[in-house]
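Trainee: I've got a new structure open and I'd like to learn how to read it. Could you walk me through it?

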Amino acid sequence: MQLTNRSKVVSNKQMTLAEKMYLPAILGGMWITIRHFFRKGATVRYPEVKREVSTVYRGKHVLKRDEQGRENCTACGLCAVACPAEAITMDAAERKKGEEHLYREEKYAAKYEINMLRCIFCGLCEEACPKQAIYLTPEFPAANYDRSNFIFGKDKLVEPIDKRIDVSLRKKVHTS
Amino acid sequence: MPKVTIDGRTIEVPEGTTILQAARMIGPEVAPPAMCYYTKLKTSGGYCRTCIVKVAQGSEKDPRPMPKPVPSCRTMVMDGMVVENETSPEIVEARKGVVEFLLANHPLDCPVCDQAGECHLQDLSYEHGAAKSRYEFDRRTFDKINIGPYVQLHMTRCILCYRCVKTAEQITDGRVHGVINRGDHAEISTYVEQAIDNDFSGNVIDVCPVGALTDKTFRFKSRVWFTKPMDAHRDCPTCSGKVVLWYQGEEVLRVTGRKDQWGEVEEFICNECRFEKKKTSDWTIEGPRAIDRHSVISQGQYSGNLEIPAHTKKKLIK
(Lines give C-alpha, C1' and ligand atoms only; values in the text may rest on other atoms or scores of the structure.)
Protein backbone atom coordinates (compact mmCIF):
# COMPACT_ATOMS: atom_id res chain seq x y z
CA MET A 1 0.00 0.00 0.00
CA GLN A 2 1.31 3.42 -0.86
CA LEU A 3 1.27 5.73 2.13
CA THR A 4 2.88 8.83 0.65
CA ASN A 5 3.77 10.18 -2.74
CA ARG A 6 7.42 10.34 -1.83
CA SER A 7 8.19 6.66 -2.05
CA LYS A 8 10.55 5.64 -4.84
CA VAL A 9 10.59 2.43 -6.72
CA VAL A 10 14.05 0.87 -6.59
CA SER A 11 15.24 -0.06 -10.01
CA ASN A 12 16.93 -3.35 -10.48
CA LYS A 13 18.38 -2.57 -13.86
CA GLN A 14 21.74 -4.01 -14.87
CA MET A 15 24.78 -1.71 -14.74
CA THR A 16 26.41 -0.74 -18.02
CA LEU A 17 30.05 -1.61 -18.82
CA ALA A 18 31.27 1.92 -17.94
CA GLU A 19 29.52 1.74 -14.63
CA LYS A 20 30.96 -1.66 -13.91
CA MET A 21 34.51 -0.32 -14.21
CA TYR A 22 33.86 2.06 -11.24
CA LEU A 23 36.81 4.23 -12.25
CA PRO A 24 34.86 7.20 -13.62
CA ALA A 25 32.79 7.31 -10.42
CA ILE A 26 35.94 7.19 -8.25
CA LEU A 27 37.57 9.94 -10.29
CA GLY A 28 34.39 11.97 -10.02
CA GLY A 29 34.54 11.66 -6.27
CA MET A 30 38.24 12.53 -6.18
CA TRP A 31 37.53 15.63 -8.23
CA ILE A 32 35.07 16.86 -5.63
CA THR A 33 37.55 16.16 -2.78
CA ILE A 34 40.50 17.81 -4.53
CA ARG A 35 38.42 20.83 -5.44
CA HIS A 36 37.85 21.44 -1.73
CA PHE A 37 41.62 21.69 -1.07
CA PHE A 38 41.64 25.03 -2.83
CA ARG A 39 38.50 26.43 -1.28
CA LYS A 40 38.31 28.60 1.85
CA GLY A 41 38.05 26.35 4.91
CA ALA A 42 34.90 26.23 7.00
CA THR A 43 36.80 26.25 10.29
CA VAL A 44 39.15 28.74 11.95
CA ARG A 45 42.36 27.90 13.78
CA TYR A 46 41.16 28.61 17.32
CA PRO A 47 42.69 29.84 19.64
CA GLU A 48 45.17 31.66 17.36
CA VAL A 49 42.31 32.88 15.20
CA LYS A 50 39.00 33.83 16.75
CA ARG A 51 35.74 33.97 14.95
CA GLU A 52 34.00 37.27 15.03
CA VAL A 53 31.01 37.32 17.37
CA SER A 54 28.18 39.73 17.96
CA THR A 55 28.91 42.70 20.19
CA VAL A 56 26.29 41.44 22.64
CA TYR A 57 27.52 37.85 22.55
CA ARG A 58 27.03 35.99 25.83
CA GLY A 59 30.36 34.47 26.78
CA LYS A 60 32.49 34.38 29.92
CA HIS A 61 31.14 36.32 32.90
CA VAL A 62 32.71 39.30 34.57
CA LEU A 63 32.12 40.55 38.12
CA LYS A 64 32.07 44.30 37.81
CA ARG A 65 33.57 46.93 40.06
CA ASP A 66 32.10 50.41 40.48
CA GLU A 67 33.81 53.67 39.48
CA GLN A 68 35.83 53.64 42.69
CA GLY A 69 37.04 50.12 42.09
CA ARG A 70 34.86 48.47 44.72
CA GLU A 71 33.23 45.15 43.96
CA ASN A 72 29.54 45.48 43.19
CA CYS A 73 28.53 41.96 44.19
CA THR A 74 26.87 41.60 47.60
CA ALA A 75 26.39 37.82 47.41
CA CYS A 76 22.62 38.14 47.45
CA GLY A 77 22.24 34.81 45.69
CA LEU A 78 19.68 35.95 43.11
CA CYS A 79 21.93 34.90 40.21
CA ALA A 80 22.30 31.46 41.75
CA VAL A 81 18.57 31.12 42.23
CA ALA A 82 17.87 32.34 38.68
CA CYS A 83 20.47 30.02 37.14
CA PRO A 84 18.67 27.20 35.32
CA ALA A 85 21.84 25.10 35.23
CA GLU A 86 22.66 25.64 38.91
CA ALA A 87 26.17 26.62 37.95
CA ILE A 88 26.69 29.41 40.47
CA THR A 89 27.68 29.00 44.11
CA MET A 90 28.82 31.61 46.58
CA ASP A 91 29.75 32.31 50.16
CA ALA A 92 29.06 35.64 51.76
CA ALA A 93 31.13 37.48 54.32
CA GLU A 94 30.81 40.67 56.27
CA ARG A 95 32.93 43.63 55.27
CA LYS A 96 35.36 44.58 58.01
CA LYS A 97 36.52 48.04 58.96
CA GLY A 98 39.15 49.25 56.54
CA GLU A 99 37.78 47.23 53.62
CA GLU A 100 35.40 49.93 52.47
CA HIS A 101 37.58 50.58 49.41
CA LEU A 102 37.29 46.94 48.35
CA TYR A 103 33.59 46.19 48.64
CA ARG A 104 30.70 48.51 48.02
CA GLU A 105 28.30 47.17 50.66
CA GLU A 106 28.55 45.64 54.09
CA LYS A 107 28.19 42.15 52.69
CA TYR A 108 30.36 40.79 49.92
CA ALA A 109 31.07 37.51 48.16
CA ALA A 110 34.03 35.82 49.85
CA LYS A 111 33.76 32.98 47.37
CA TYR A 112 32.02 33.17 44.03
CA GLU A 113 32.24 30.24 41.66
CA ILE A 114 30.74 29.56 38.27
CA ASN A 115 31.03 26.08 36.86
CA MET A 116 31.66 26.81 33.20
CA LEU A 117 30.86 23.23 32.28
CA ARG A 118 27.37 23.59 33.67
CA CYS A 119 26.78 27.15 32.51
CA ILE A 120 24.60 27.45 29.42
CA PHE A 121 25.36 31.18 28.92
CA CYS A 122 21.71 32.17 28.97
CA GLY A 123 22.32 35.48 30.74
CA LEU A 124 19.63 35.02 33.37
CA CYS A 125 22.17 35.76 36.14
CA GLU A 126 22.83 39.10 34.55
CA GLU A 127 19.12 39.78 34.37
CA ALA A 128 18.53 38.78 37.99
CA CYS A 129 21.38 40.85 39.43
CA PRO A 130 20.03 43.82 41.40
CA LYS A 131 23.48 45.36 41.82
CA GLN A 132 24.67 45.35 38.19
CA ALA A 133 27.54 43.18 39.33
CA ILE A 134 27.57 40.31 36.84
CA TYR A 135 27.69 40.67 33.06
CA LEU A 136 28.47 38.35 30.22
CA THR A 137 31.30 39.36 27.89
CA PRO A 138 32.02 38.31 24.31
CA GLU A 139 35.07 36.39 25.50
CA PHE A 140 35.12 32.57 25.61
CA PRO A 141 36.15 30.62 28.68
CA ALA A 142 39.58 29.26 27.75
CA ALA A 143 39.95 25.61 26.80
CA ASN A 144 41.57 23.35 29.35
CA TYR A 145 42.65 19.75 29.87
CA ASP A 146 41.24 19.41 33.38
CA ARG A 147 37.57 19.62 34.26
CA SER A 148 38.30 21.11 37.67
CA ASN A 149 39.86 24.12 35.98
CA PHE A 150 36.48 25.04 34.55
CA ILE A 151 35.19 26.08 37.95
CA PHE A 152 35.96 29.77 37.74
CA GLY A 153 36.51 31.53 41.04
CA LYS A 154 36.74 35.20 41.84
CA ASP A 155 40.34 35.29 40.58
CA LYS A 156 39.10 34.66 37.05
CA LEU A 157 35.78 36.48 37.22
CA VAL A 158 36.36 39.83 38.96
CA GLU A 159 37.44 42.45 36.48
CA PRO A 160 41.03 43.63 36.96
CA ILE A 161 41.14 47.11 38.41
CA ASP A 162 43.65 48.30 35.80
CA LYS A 163 41.97 46.56 32.88
CA ARG A 164 38.32 47.48 33.01
CA ILE A 165 35.86 45.58 30.86
CA ASP A 166 33.29 47.60 28.98
CA VAL A 167 29.80 46.16 29.36
CA SER A 168 27.82 49.14 28.15
CA LEU A 169 26.48 47.17 25.19
CA ARG A 170 25.18 44.39 27.40
CA LYS A 171 23.62 46.99 29.68
CA LYS A 172 21.82 48.40 26.65
CA VAL A 173 20.28 44.99 25.97
CA HIS A 174 18.49 45.14 29.29
CA THR A 175 17.31 48.71 29.08
CA SER A 176 15.93 48.43 25.55
CA MET B 1 -23.45 35.61 67.60
CA PRO B 2 -22.84 38.42 65.11
CA LYS B 3 -22.91 37.68 61.42
CA VAL B 4 -20.40 39.48 59.24
CA THR B 5 -19.98 39.53 55.48
CA ILE B 6 -16.46 40.04 54.15
CA ASP B 7 -15.97 40.31 50.39
CA GLY B 8 -19.35 38.65 49.87
CA ARG B 9 -18.69 35.73 52.20
CA THR B 10 -20.71 35.51 55.38
CA ILE B 11 -19.52 33.98 58.64
CA GLU B 12 -20.84 33.84 62.16
CA VAL B 13 -18.25 34.75 64.77
CA PRO B 14 -18.18 35.07 68.57
CA GLU B 15 -18.85 38.45 70.18
CA GLY B 16 -15.78 40.67 70.37
CA THR B 17 -14.03 39.26 67.31
CA THR B 18 -12.17 41.77 65.17
CA ILE B 19 -12.77 42.04 61.44
CA LEU B 20 -9.25 40.75 60.80
CA GLN B 21 -9.82 37.64 62.90
CA ALA B 22 -13.18 37.02 61.23
CA ALA B 23 -11.55 37.37 57.80
CA ARG B 24 -8.83 34.92 58.80
CA MET B 25 -11.52 32.46 59.89
CA ILE B 26 -12.98 32.62 56.39
CA GLY B 27 -9.62 32.10 54.75
CA PRO B 28 -6.56 33.69 53.20
CA GLU B 29 -8.51 34.85 50.12
CA VAL B 30 -10.27 37.56 52.08
CA ALA B 31 -7.86 38.13 54.98
CA PRO B 32 -6.22 41.56 54.80
CA PRO B 33 -2.44 41.66 55.22
CA ALA B 34 -1.12 42.67 58.64
CA MET B 35 2.32 43.97 59.49
CA CYS B 36 1.97 44.95 63.14
CA TYR B 37 -0.93 42.85 64.45
CA TYR B 38 0.16 39.58 66.10
CA THR B 39 -2.44 37.19 67.53
CA LYS B 40 -0.24 36.06 70.38
CA LEU B 41 0.68 39.54 71.54
CA LYS B 42 -1.90 41.54 73.47
CA THR B 43 -2.56 45.14 72.42
CA SER B 44 -0.61 44.65 69.20
CA GLY B 45 -1.98 46.15 66.01
CA GLY B 46 -3.21 49.54 64.96
CA TYR B 47 0.13 50.99 63.90
CA CYS B 48 0.84 50.00 60.34
CA ARG B 49 -2.53 50.50 58.64
CA THR B 50 -1.98 47.77 56.05
CA CYS B 51 -5.06 45.89 57.23
CA ILE B 52 -7.46 48.72 56.46
CA VAL B 53 -10.85 47.69 55.09
CA LYS B 54 -13.99 49.46 54.00
CA VAL B 55 -17.08 48.96 56.13
CA ALA B 56 -19.92 49.33 53.65
CA GLN B 57 -22.59 48.69 56.26
CA GLY B 58 -21.98 49.30 59.96
CA SER B 59 -24.49 46.83 61.34
CA GLU B 60 -28.00 45.48 60.94
CA LYS B 61 -29.48 48.21 63.12
CA ASP B 62 -27.40 51.06 61.72
CA PRO B 63 -26.69 50.29 58.07
CA ARG B 64 -24.75 53.50 57.41
CA PRO B 65 -21.20 52.90 56.06
CA MET B 66 -18.23 54.02 58.09
CA PRO B 67 -16.87 57.29 56.69
CA LYS B 68 -13.23 56.23 56.37
CA PRO B 69 -11.29 52.99 55.92
CA VAL B 70 -10.87 51.32 59.32
CA PRO B 71 -8.00 49.17 60.63
CA SER B 72 -9.52 45.70 60.68
CA CYS B 73 -7.23 44.49 63.48
CA ARG B 74 -8.71 46.99 65.92
CA THR B 75 -12.36 47.11 64.75
CA MET B 76 -14.86 44.70 66.28
CA VAL B 77 -17.50 43.09 64.13
CA MET B 78 -21.18 43.95 64.59
CA ASP B 79 -24.16 41.89 63.61
CA GLY B 80 -24.94 42.40 59.93
CA MET B 81 -21.72 44.22 59.15
CA VAL B 82 -20.67 44.26 55.50
CA VAL B 83 -16.93 44.60 54.91
CA GLU B 84 -15.10 45.10 51.63
CA ASN B 85 -11.44 44.30 51.36
CA GLU B 86 -9.95 43.37 47.99
CA THR B 87 -13.27 43.94 46.25
CA SER B 88 -13.13 47.65 47.00
CA PRO B 89 -10.92 49.57 44.53
CA GLU B 90 -10.75 52.36 47.09
CA ILE B 91 -9.08 50.04 49.62
CA VAL B 92 -6.68 48.61 47.05
CA GLU B 93 -5.59 52.15 46.21
CA ALA B 94 -5.37 53.20 49.87
CA ARG B 95 -3.29 50.15 50.75
CA LYS B 96 -0.94 50.96 47.91
CA GLY B 97 -0.44 54.33 49.57
CA VAL B 98 0.22 52.69 52.95
CA VAL B 99 2.85 50.45 51.39
CA GLU B 100 4.45 53.47 49.78
CA PHE B 101 4.66 55.17 53.17
CA LEU B 102 6.15 52.07 54.78
CA LEU B 103 8.75 51.89 52.02
CA ALA B 104 9.50 55.61 52.03
CA ASN B 105 12.16 55.19 54.70
CA HIS B 106 13.00 51.56 54.04
CA PRO B 107 16.52 51.20 52.68
CA LEU B 108 15.59 48.46 50.15
CA ASP B 109 18.82 46.65 50.90
CA CYS B 110 17.19 43.28 50.30
CA PRO B 111 20.32 41.89 48.56
CA VAL B 112 22.19 42.34 51.84
CA CYS B 113 19.33 41.62 54.24
CA ASP B 114 19.07 38.20 55.87
CA GLN B 115 15.29 38.43 56.06
CA ALA B 116 14.91 38.49 52.26
CA GLY B 117 12.79 35.58 51.12
CA GLU B 118 10.69 35.45 54.27
CA CYS B 119 10.12 39.17 54.70
CA HIS B 120 6.54 40.30 55.14
CA LEU B 121 7.34 43.72 53.74
CA GLN B 122 8.65 42.10 50.56
CA ASP B 123 5.48 40.07 50.22
CA LEU B 124 3.34 43.08 51.02
CA SER B 125 4.97 45.39 48.50
CA TYR B 126 4.95 42.65 45.89
CA GLU B 127 1.25 41.92 46.34
CA HIS B 128 -0.14 45.30 47.27
CA GLY B 129 2.44 47.94 46.42
CA ALA B 130 3.38 49.91 43.35
CA ALA B 131 6.27 48.65 41.26
CA LYS B 132 8.18 51.93 41.39
CA SER B 133 9.15 54.30 44.19
CA ARG B 134 8.47 58.01 43.87
CA TYR B 135 10.64 58.87 46.86
CA GLU B 136 13.77 60.73 45.88
CA PHE B 137 15.20 62.07 49.13
CA ASP B 138 17.82 60.56 51.40
CA ARG B 139 16.42 57.89 53.66
CA ARG B 140 16.87 58.16 57.40
CA THR B 141 20.03 56.71 58.93
CA PHE B 142 20.93 55.73 62.46
CA ASP B 143 24.07 55.12 64.44
CA LYS B 144 24.63 51.39 64.72
CA ILE B 145 23.79 49.92 68.12
CA ASN B 146 25.10 46.60 69.29
CA ILE B 147 22.32 44.86 71.20
CA GLY B 148 24.17 41.73 72.20
CA PRO B 149 25.76 38.65 70.70
CA TYR B 150 22.55 37.03 69.44
CA VAL B 151 20.34 39.66 67.89
CA GLN B 152 21.35 42.05 65.14
CA LEU B 153 19.48 45.36 65.00
CA HIS B 154 19.20 47.23 61.70
CA MET B 155 17.27 50.30 62.64
CA THR B 156 17.07 51.57 59.06
CA ARG B 157 14.87 48.63 58.09
CA CYS B 158 12.44 49.00 61.00
CA ILE B 159 8.81 49.87 60.22
CA LEU B 160 7.99 50.56 63.90
CA CYS B 161 5.38 47.84 64.28
CA TYR B 162 6.12 47.55 68.02
CA ARG B 163 5.84 43.74 67.86
CA CYS B 164 9.28 43.23 69.40
CA VAL B 165 8.53 45.69 72.18
CA LYS B 166 5.33 43.85 73.01
CA THR B 167 7.15 40.53 72.88
CA ALA B 168 9.74 41.81 75.31
CA GLU B 169 6.97 43.15 77.49
CA GLN B 170 4.76 40.07 77.51
CA ILE B 171 6.96 37.06 76.87
CA THR B 172 10.11 37.97 78.74
CA ASP B 173 10.18 39.21 82.30
CA GLY B 174 11.71 42.61 82.66
CA ARG B 175 11.71 44.53 79.43
CA VAL B 176 15.05 46.01 78.46
CA HIS B 177 14.30 47.39 75.04
CA GLY B 178 11.70 49.75 73.73
CA VAL B 179 11.05 52.67 71.43
CA ILE B 180 12.75 55.97 72.11
CA ASN B 181 12.07 59.37 70.50
CA ARG B 182 8.93 60.22 68.56
CA GLY B 183 7.48 60.23 65.06
CA ASP B 184 10.05 60.19 62.33
CA HIS B 185 12.87 59.94 64.85
CA ALA B 186 11.38 56.98 66.74
CA GLU B 187 13.86 54.18 67.12
CA ILE B 188 14.05 50.72 68.69
CA SER B 189 16.77 50.67 71.30
CA THR B 190 17.87 48.96 74.47
CA TYR B 191 18.05 51.35 77.36
CA VAL B 192 21.61 52.48 77.95
CA GLU B 193 22.59 50.07 75.18
CA GLN B 194 22.04 47.15 77.49
CA ALA B 195 22.41 43.70 76.03
CA ILE B 196 19.23 41.69 75.87
CA ASP B 197 19.81 38.75 78.17
CA ASN B 198 16.64 36.84 78.78
CA ASP B 199 15.68 33.27 77.98
CA PHE B 200 13.05 34.31 75.47
CA SER B 201 14.54 37.47 74.00
CA GLY B 202 15.38 35.68 70.74
CA ASN B 203 11.70 35.65 69.83
CA VAL B 204 11.94 39.27 68.74
CA ILE B 205 13.68 37.86 65.65
CA ASP B 206 10.67 35.73 64.75
CA VAL B 207 8.06 38.40 65.36
CA CYS B 208 9.90 41.08 63.38
CA PRO B 209 8.08 41.31 60.03
CA VAL B 210 11.10 42.90 58.34
CA GLY B 211 14.86 42.49 58.65
CA ALA B 212 15.31 44.95 61.50
CA LEU B 213 15.94 42.22 64.05
CA THR B 214 17.79 39.22 62.66
CA ASP B 215 19.73 36.28 64.02
CA LYS B 216 23.37 37.25 64.53
CA THR B 217 24.48 33.63 64.49
CA PHE B 218 22.95 33.30 60.99
CA ARG B 219 24.22 36.65 59.76
CA PHE B 220 25.33 36.42 56.12
CA LYS B 221 25.74 32.65 56.42
CA SER B 222 23.42 31.85 53.56
CA ARG B 223 20.21 33.02 51.98
CA VAL B 224 16.99 31.52 53.30
CA TRP B 225 16.07 29.99 49.96
CA PHE B 226 19.27 27.94 49.88
CA THR B 227 18.46 26.35 53.23
CA LYS B 228 16.11 23.45 53.78
CA PRO B 229 13.63 23.67 56.66
CA MET B 230 13.02 20.59 58.83
CA ASP B 231 10.58 20.24 61.69
CA ALA B 232 12.31 19.07 64.83
CA HIS B 233 11.83 18.96 68.58
CA ARG B 234 13.79 18.32 71.74
CA ASP B 235 13.10 18.02 75.43
CA CYS B 236 13.58 21.55 76.59
CA PRO B 237 13.08 22.48 80.23
CA THR B 238 12.22 26.11 79.43
CA CYS B 239 10.11 26.00 76.26
CA SER B 240 8.06 23.60 74.12
CA GLY B 241 11.16 22.72 72.10
CA LYS B 242 9.21 22.60 68.83
CA VAL B 243 11.28 24.34 66.20
CA VAL B 244 12.26 24.48 62.55
CA LEU B 245 15.87 23.70 61.69
CA TRP B 246 17.25 25.37 58.58
CA TYR B 247 19.78 23.08 56.98
CA GLN B 248 22.40 23.69 54.38
CA GLY B 249 23.83 20.31 53.59
CA GLU B 250 24.56 18.64 56.92
CA GLU B 251 24.86 21.87 58.81
CA VAL B 252 22.12 23.56 60.84
CA LEU B 253 22.51 27.23 60.04
CA ARG B 254 19.55 28.57 61.95
CA VAL B 255 16.81 27.57 64.37
CA THR B 256 13.46 29.36 64.38
CA GLY B 257 10.00 28.85 65.79
CA ARG B 258 7.32 27.26 63.66
CA LYS B 259 5.34 29.84 61.78
CA ASP B 260 1.72 29.32 60.83
CA GLN B 261 -0.20 30.38 57.75
CA TRP B 262 -0.20 34.03 58.86
CA GLY B 263 3.52 34.13 59.55
CA GLU B 264 3.06 34.05 63.31
CA VAL B 265 4.97 31.61 65.48
CA GLU B 266 2.94 28.74 66.91
CA GLU B 267 4.98 28.59 70.08
CA PHE B 268 7.70 30.88 71.34
CA ILE B 269 11.04 29.12 71.82
CA CYS B 270 13.84 29.82 74.24
CA ASN B 271 17.28 31.20 73.45
CA GLU B 272 19.02 27.95 74.25
CA CYS B 273 17.06 26.12 71.54
CA ARG B 274 17.50 28.99 69.12
CA PHE B 275 21.15 29.86 69.50
CA GLU B 276 22.96 27.05 71.30
CA LYS B 277 21.61 23.83 69.82
CA LYS B 278 22.92 23.71 66.29
CA LYS B 279 23.78 20.08 65.94
CA THR B 280 21.52 17.44 64.42
CA SER B 281 22.27 15.22 67.42
CA ASP B 282 20.56 17.75 69.71
CA TRP B 283 17.24 17.25 67.95
CA THR B 284 14.66 14.67 67.00
CA ILE B 285 13.88 15.31 63.34
CA GLU B 286 10.22 15.01 62.39
CA GLY B 287 10.60 15.56 58.67
CA PRO B 288 10.75 18.28 56.05
CA ARG B 289 8.59 21.28 56.74
CA ALA B 290 5.82 21.96 54.23
CA ILE B 291 6.49 25.31 52.58
CA ASP B 292 3.97 27.07 50.40
CA ARG B 293 5.01 26.40 46.83
CA HIS B 294 4.65 30.08 45.97
CA SER B 295 7.38 30.92 48.45
CA VAL B 296 10.92 31.35 47.18
CA ILE B 297 12.01 29.03 50.00
CA SER B 298 10.34 26.13 48.20
CA GLN B 299 12.61 26.56 45.17
CA GLY B 300 14.71 23.50 44.54
CA GLN B 301 12.61 21.43 46.94
CA TYR B 302 10.55 18.71 45.45
CA SER B 303 9.03 17.18 48.56
CA GLY B 304 5.88 18.08 50.41
CA ASN B 305 2.72 19.80 49.24
CA LEU B 306 2.38 17.42 46.33
CA GLU B 307 -1.28 17.18 45.57
CA ILE B 308 -2.46 14.61 43.09
CA PRO B 309 -5.76 15.62 41.47
CA ALA B 310 -8.58 13.20 42.25
CA HIS B 311 -9.05 12.03 38.66
CA THR B 312 -5.33 11.32 38.21
CA LYS B 313 -5.28 9.46 41.49
CA LYS B 314 -7.88 7.02 40.21
CA LYS B 315 -5.79 6.36 37.13
CA LEU B 316 -2.67 5.83 39.21
CA ILE B 317 -4.34 3.35 41.51
CA LYS B 318 -5.65 1.33 38.56
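Trainee: What is the order of the strands in the open sheet of chain B?

Mentor: Keep in mind that this is a predicted model. In general, strands of a sheet pair through backbone hydrogen bonds, either parallel or antiparallel. Here, 5 strands of chain B form an open sheet in the order β2-β1-β5-β3-β4, and the pairing is mixed.

Trainee: Which strands stand at the edges?

Mentor: Those are β2 (9–12) and β4 (70–71) of chain B. Each has a single partner strand, so one side of each has no neighbour in the sheet.

Trainee: How do β3 and β5 of chain B run, parallel or antiparallel?

Mentor: Antiparallel: β3 (residues 52–57) and β5 (residues 81–84) of chain B are joined by 3 bridges. For instance, V55(B) has V83(B) in β5(B) as its bridge partner. On the sheet, α2(B) packs against these strands, touching β3 and β5 of chain B, and its direction makes about 155° with that of β3(B).

Trainee: Now the helices. At what angle do α2 and α3 of chain B pack?

Mentor: The general idea is that two packed helices are described by the angle between their axes and the distance between the axes. In this case, α2 (residues 89–104) and α3 (residues 120–128) of chain B pack at about 140°, and their axes are 10 Å apart. An angle over 145 would count as roughly antiparallel, so α2(B) is oblique to α3(B). The crossing is left-handed.

Trainee: Which residues meet there?

Mentor: From α2(B) come R95(B), K96(B), V99(B), L102(B) and L103(B), which meet L121(B), L124(B), S125(B) and H128(B) of α3(B). By type, the residues of this contact are 5 nonpolar, 2 polar and 2 charged.

Notes: Residues are numbered from 1 along each chain as its sequence is written. Chains are lettered from A and ligands numbered from 1 in the order in which they are written. This is a predicted model: local features need pLDDT of at least 70, side-chain atom pairs count only at pLDDT 80 or more; totals for chains, interfaces and linings use all residues. Axes are lines fitted to C-alpha atoms, for helices over the stretch in contact, and angles run from 0 to 180 degrees between N-to-C directions. Helices (H or I, at least four residues) and strands (E, at least two) are DSSP runs, numbered from the N terminus. Angles under 35 degrees count as roughly parallel, over 145 as roughly antiparallel, 65 to 115 as roughly perpendicular and the rest as oblique. A crossing is left-handed if the near helix is turned anticlockwise from the far one by less than a right angle, and right-handed if clockwise. Two residues are in contact if their C-beta atoms, placed from the backbone, lie within 7 Å. Ala, Val, Leu, Ile, Met, Phe, Trp, Tyr, Cys and Pro count as nonpolar, Asp, Glu, Lys and Arg as charged, and the others, Gly among them, as polar. Two strands pair if DSSP finds at least two bridges between them.
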